[in-house]
Amino acid sequence: MLVVGTNGKGSTCAFAVAAVTAAGVRVGSMPSPHLQEPRERIRIDGVPVTRAEYAKAFAEVWHAIELHGLPVLAQGIHAATAAVHFRRAGVDVAVAEASIGGSRAAAAELGLDVKVVTGVGLDHTRLLGDSLHQIARAKIAAAQNGDHVVLGRLAPEAAAGAEQVLRDRSGLTVWRMDHEIRYTARPSASGTGTLVDVTTPRTVHRGLPCPLSGAHQHHNLATAVAAVDAMAERGHIREPDSELLRARLAATRWPGRLELIDPARLDHWTGRVLLEGATNPQGVATVAPEILRHARAGDLPGPPVLVFAAMHDKDVPGMLAPLPSHWPLVLTRTGSHQAADPAALHHQLAPGRQGPCLTTDGTPAALRLAAEHAGPGGLVVVLGSLRLVGETRTALGLHPA
């Protein structure tokens, strides 16, 4: 399974891996990017490989690069290293996440014949195009003749772009959200979670638990389950056991996506940190209701404090617009060579922003500054960059997960 899309790829892959393991097969997965260490990009049954395992697979890839004088691209090295380890580990199937785009993603070279599009939004416009139609075409271009394609919910403009590409392919099976695939969500009887019913052309799944926060995760779960049904339809796996499927989905975790660290391990501060990996305006708008819910929960001493960093080509005002403008903001820069300077981020802020804005270099310094302004028992919200989320997890003493 190859998963492409603007947002939701990582969570969809995590749900898919859980569902595939319920079919009793060994699954290798390739999430992208990593948060803290490159080994997070290679997982067996959802668990990252060890540093030693990663080093052995990487050494084999690097030997081939040097032996044949191959050009080096980071995404290609990541995909090849994962493929080498999957061969060593004897996995039965693979679930891979495309980094940017579709047909040009390194993971597209693995020949995975179930293609999944989670959704399409305006991001990476310099590389993919400046309209939903163009971006959808770039992403769905990963589909090849004879593939089984699973389409998540798409805006009309994006759907038109996707259909234009699919018409040029032959022998496809296409399942679309709200057409061949449908889902409904309801509170569990205990009131502590959400259950999702998913209908696909193959079967009806009832009462699937969705442990990840936000209504958007119901869509991601349904998309993943439909894709796993497509894998079963093709004979790649057997039908997952119903009870085991529920248990595996209930145990699904995906770090850095509305991940609440409580209490935060930051000096002697007693507050909480909420991590969110949204990296574009559509992503922030999608998770904003959950961030606001956390802000209203408990007895905070003041408004939450935002810690924000982004790459230099991001729509900063658009990303911050869904959240209250009076919340204090700490702008910082990660260790990425593509990270925008905090002063440049400050220059891009919307003119009407009301809350105080501070700038500092480096994630640890930004967290300390935010904790100071949030006060004891306060809430710090970290967003804007997956690299920022990863550096925050490391600063808080959390291990890769």
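View 1. With a relative accessible area of 16%, Arg 39 is buried, where buried means under 20% relative accessible area, exposed over 50% and partly exposed in between, computed with a 1.4 Å probe on protein chains only. This is a predicted model, in which local features need pLDDT of at least 70 and side-chain atom pairs count only at pLDDT 80 or more, whereas totals for chains, interfaces and linings use all residues. Residues are numbered from 1 along each chain as its sequence is written, and side-chain values use heavy atoms, with hydrogens and water left out. Arg 39 sits in the loop between E2 and E3; helices (H or I, at least four residues) and strands (E, at least two) are DSSP runs numbered from the N terminus. A polar atom of the Arg 39 side chain lies 2.9 Å from the backbone oxygen of Val 49. Leaving aside residues up to four places away in sequence, Arg 39 touches Pro 48, Val 49, Thr 50, Arg 51, Tyr 54 and Pro 400, contact meaning heavy atoms within 4.5 Å.

**View 2. Pro 33 and its cis peptide bond.** The peptide bond from Ser 32 to Pro 33 is cis, with omega near -5°, and Pro 33 belongs to the loop between strand E2 (27–30) and strand E3 (43–44). Pro 33 counts as partly exposed because its relative accessibility is 35%. Its contacts, not counting residues up to four places away in sequence, are Arg 41 and Leu 386.

**View 3. The loop between E12 and E13, with Pro 263 and Asp 267.** Another cis peptide bond, with omega about -5°, joins Asp 262 and Pro 263, and Pro 263 is found in the loop between E12 and E13. Asp 267 is also placed in the loop between E12 and E13, and its phi is near 55°, a positive value in a residue other than glycine. At a relative accessible area of 63%, Asp 267 is exposed.

**View 4. The largest nonpolar core around Met 1.** Among the 41 residues of the largest nonpolar core, Met 1, Val 20, Leu 221, Ile 237 and Leu 249 touch the most other members; such a core is a set of buried Ala, Val, Leu, Ile, Met, Phe, Trp, Tyr and Cys residues joined through side-chain atoms within 4.5 Å. The elements that give two or more residues to this core include helix H1 (9–21), strand E5 (93–97) and helix H7 (216–233), and H7 gives the most, with ten residues. Not counting residues up to four places away in sequence, Met 1 touches residues including Ala 16, Val 95, Val 116, Ala 227 and Met 231.

View 5. Strand E9 (residues 182–187) and E10 run antiparallel and are joined by six bridges, two strands being paired if DSSP finds at least two bridges between them. The bridge partner of Arg 182 in E10 is Thr 199. Six residues lie between the two strands of this hairpin, and Gly 191 in the turn has a positive phi of about 75°.

**View 6. The open sheet of six strands.** The strand order is E12-E13-E17-E14-E15-E16, with mixed pairing. Strand E12 (257–261) and strand E16 (357–359) stand at the edges, each with a single partner strand, so one side of each is left without a neighbour in the sheet. Within the sheet, strand E13 (residues 272–276) and strand E17 (residues 379–383) run parallel and are joined by four bridges, with Val 273 opposite Val 380 in E17.

Key: A polar contact is a pair of N or O atoms within 3.5 Å; within protein, one must be able to donate a hydrogen and the other to accept it, and residues adjacent in sequence count only if both atoms are side-chain atoms.
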